[in-house]
Amino acid sequence: MTNNLDHIDRAILRCLQGDASLSQRELAEKVGLSQNACWRRLKALNDNGVLQGATARIDRAKLGLDLVVFVMLRTRHHSADWLETFRRHVLTIPEVVDFHRIGGDYDYQLKVVTEDMTSYDKVYQRLIAGVELDSVTSYFAMEAISEGRPLPL
């Protein structure tokens, strides 16, 4: 689908990444379309799965979610069954906001957002209780220089 996106589709996506709360009229004005033409484009982007809903950006610090931890995991298990069990287990932990299988020295990377070290230790205990892991290394973020940047369109 991305090869079929023209400059107007990309403009729509850039606008929505900046502010998904724009009304259809405001969005149409920003990208130079009529409201009906903009609606058809939005519908096509949704139908093709390029747009996957809208979310709100929340200031985590204002909610007391001050600790960000990047958790690097190694395992000796690489079967599809183990991965599915591990995936299901990790997805039950709401503090895990990003979850990636990666290449390199580690097998998986998690981004955990929580209140403090005590809260993170509870997340850690839940994480290691669910599956056998070879190693768990935690890196604690000291400052968020940039988070949630828009995709380069």
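Trainee: Which residues do ring pairs link into a cluster?

Mentor: The cluster joined by ring pairs consists of Trp 82, Phe 86, Phe 99 and Tyr 108. This is a predicted model, in which local features need pLDDT of at least 70 and side-chain atom pairs count only at pLDDT 80 or more, while totals for chains, interfaces and linings use all residues. Residues are numbered from 1 along each chain as its sequence is written, and side-chain values use heavy atoms, with hydrogens and water left out.

Rings of Phe, Tyr and Trp (its six-membered ring) pair if their centres lie within 6.5 Å; planes under 30 degrees apart count as stacked, over 60 as edge-to-face and the rest as tilted. In one of them, Trp 82 and Tyr 108 have ring centres 6.2 Å apart and planes at 40 degrees, so the pair is tilted. Trp 82 belongs to helix H4 (residues 80–90) and Tyr 108 to strand S3, and 26 residues separate them. Helices (H or I, at least four residues) and strands (E, at least two) are DSSP runs, numbered from the N terminus. Trp 82 and Tyr 108 are both buried, that is, under 20% relative accessible area, where exposed means over 50% and partly exposed in between (1.4 Å probe, protein chains only).

Phe 86 and Phe 99 form an edge-to-face pair, with 5.6 Å from centre to centre and 85 degrees between the planes. Because Phe 86 lies in helix H4 and Phe 99 in strand S2, this pair ties together parts that are 13 residues apart in sequence. Phe 86 is buried, at a relative accessible area of 0%, whereas Phe 99 is partly exposed, at 24%.

Five bridges connect S2 to the antiparallel strand S3 (residues 108–114). Tyr 108 in S3 has Arg 101 standing opposite.

Definitions and conventions: Two strands pair if DSSP finds at least two bridges between them.
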